[in-house]
Amino acid sequence: MNEEQRLQSQQVKTVDPSDKKSEKDYSKYFQRVFMPPSMKDAKRRGKEAVKYHEDFSIPEEFLGMGKGRKFYIRTYGCQMNEHDTEVMAGILMQLGYEPTDQPEDANVILLNTCAIRENAENKVFGEIGHLKPLKMEKPDLLLGVCGCMSQEESVVNKLLKQYQYVDMVFGTHNIHRLPHILNEAYMAKEMVVEVWSKEGDVVENLPKVRQGKIKAWVNIMYGCDKFCTYCIVPYTRGKERSRRPEDIIQEVRQLAAQGYKEITLLGQNVNAYGKDFTDMEYGLGDLMDDLRKIDIPRIRFTTSHPRDFDDHLIEVLAKKGNLMEHIHLPVQSGSSEILKIMARKYTREQYLELVRKIKKAIPDVALTTDIIVGFPNETEEQFEETLSLVREVGFESAYTFIYSPREGTPAAKMKDNVPMEVKKERLQRLNELVNELSAKAMKKYEGKIVEVLVEGESKNNPDVLAGYTRRNKLVNFKGPKSAIGQIVKVKITEAKTWTLNGEMVVEREAVEVK
Ligand code: SAH
Ligand code: SF4
Ligand code: F3S
């Protein structure tokens, strides 16, 4: 069969993903699944209410599918992507598969991809190429591409054309369908493609195999409706939909009971939490206020959007306790004109006003951010406004990026008169400032005593322990291995640009704790 015939034969079986049939109805199509993504569908935001499925379970006929087989998952994206990997690992283990950290030993390899910038995508295509010899050597190996890239039409078309040895492509909305997709892939000769472009549902009771026993991710909402003009996420993650508070509270309680010390609430725009509830007024501030009463030492959240950051949340965060005084608050640009074209829906002044409010309520807060340089037609003056905002806020660290056009987004259609050389030079100037501010923030810790949640041995030296402070600063220090998993006090002896060095102190020495 040539390429065209192959595509045609699959096209015949196309299922319209916007056709809201029950799961059972889909089954008749499952002799050969071809459900490609549609960026157009992904853009539509329906008014229909979120459906909650409390009943995830693995059909009996699939149990044991993974007996004697191993899986390997590589994760490329953000925390949400990492957490999706934990869910897929949970499902695979319920199916009887065992994990391996060696792709060569695996019977199923999944690449959980990220689409945020072009270089993220290039890395994945490179990796799929590297895996070809392994796939040829082991015909029974199943190779799957999932995550945000698989939600893009252009990516799926490229896989169908150039990487026909990939066995499965599935999206971010249908991870819970993994058992069916695997089953189909074992039976089918062609690539199994199942990507739902529109999905308004929340599936509860998904199994999860968390990495580590100290820190855990907890999703509080999915999707994003902000449609910043440069960003692919609203297309790859669907509409904003919140988990019910009782489900989140129960998950956090369980994690606390299992001995976890820190949880991070996840969402692309956590400040929009609860906006989709039709039966009650309940936002992130309310959720944090309920969660802080749970006996778990540390609670964080990411990522905040300045637009929806309300006074009630600030008030609740100011109560501190197990709510950490660190807020990641992406600004993207310091120029109101650029912010407008980015459709961020706040101005430089509004952002600075929010920062003032936060600092007034939580004077020792650590603020970090994300910044894009070289947005189409950004002028030198506009870029300098970003530098001056960064200095004015005094961010303690920042993720900085050169703008990367994403196919299908409005910004990708804009003409751009900024040469790449200029963008690179701006990134370098910005990074120098960010480094300077980070070093300054770190210096303040010298001689102080901080609380550190010890995560384990330092990467470079097994004799040194490493962990994070309340304000998310990495601390390396000498201490007994028994401290791993505990919150201990450490006296900072030396500040570096990005990390702190220190010595563990015994309780009675503690004077001032930062
Ligand atoms: N939901 C979060 C961000 C998720 S993506 C928020 O709104 O803050 C993480 C970061 O990647 C963004 O904050 C932005 O700085 C960057 N980013 C997103 N799209 C990008 C693009 N097309 N080019 C370069 N950087 C981008
Ligand atoms: Fe992307 Fe904007 Fe949504 Fe963040 S808020 S995920 S930058 S569209
Ligand atoms: Fe990447 Fe998707 Fe996260 S595009 S940043 S993995 S939501």
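This is a predicted model: local features need pLDDT of at least 70, side-chain atom pairs count only at pLDDT 80 or more; totals for chains, interfaces and linings use all residues.
Residues count from 1 along each chain as written, chains are lettered from A and ligands numbered from 1 in written order, and side-chain values use heavy atoms, leaving out hydrogens and water.

**Ligand 1**
- Of the 15 residues around ligand 1, the nearest are Gln268, Pro330, Gln332, Asp370 and Ser404 (a residue is near if one of its heavy atoms lies within 4 Å).
- Strands S16 (366–373) and S17 (397–402) each put at least two residues into the shell around ligand 1 (strands are DSSP E runs of at least two residues, numbered from the N terminus).

**Polar contacts of ligand 1** (pairs of N or O atoms within 3.5 Å)
- A polar side-chain atom of aspartate 370 sits 2.7 Å from an oxygen of ligand 1.
- A nitrogen of ligand 1 is 2.6 Å from a polar backbone atom of glutamine 268.

**Ligand 3**
- Gly77, Cys78, Asn81, Cys114, Ala115, Ile116, Cys148, Arg237 and Gln268 surround ligand 3.
- That shell around ligand 3 has five nonpolar, three polar and one charged residues.

**Confidence**
- Mean pLDDT for the protein is 90, with 91% of residues at 70 or more (pLDDT is the predictor's per-residue confidence, from 0 to 100).
- Over residues 1–31, pLDDT stays under 50.

Note on methods: Contact means heavy atoms within 4.5 Å. Ala, Val, Leu, Ile, Met, Phe, Trp, Tyr, Cys and Pro count as nonpolar, Asp, Glu, Lys and Arg as charged, and the others, Gly among them, as polar. A polar contact is a pair of N or O atoms within 3.5 Å; within protein, one must be able to donate a hydrogen and the other to accept it, and residues adjacent in sequence count only if both atoms are side-chain atoms. Helices (H or I, at least four residues) and strands (E, at least two) are DSSP runs, numbered from the N terminus.
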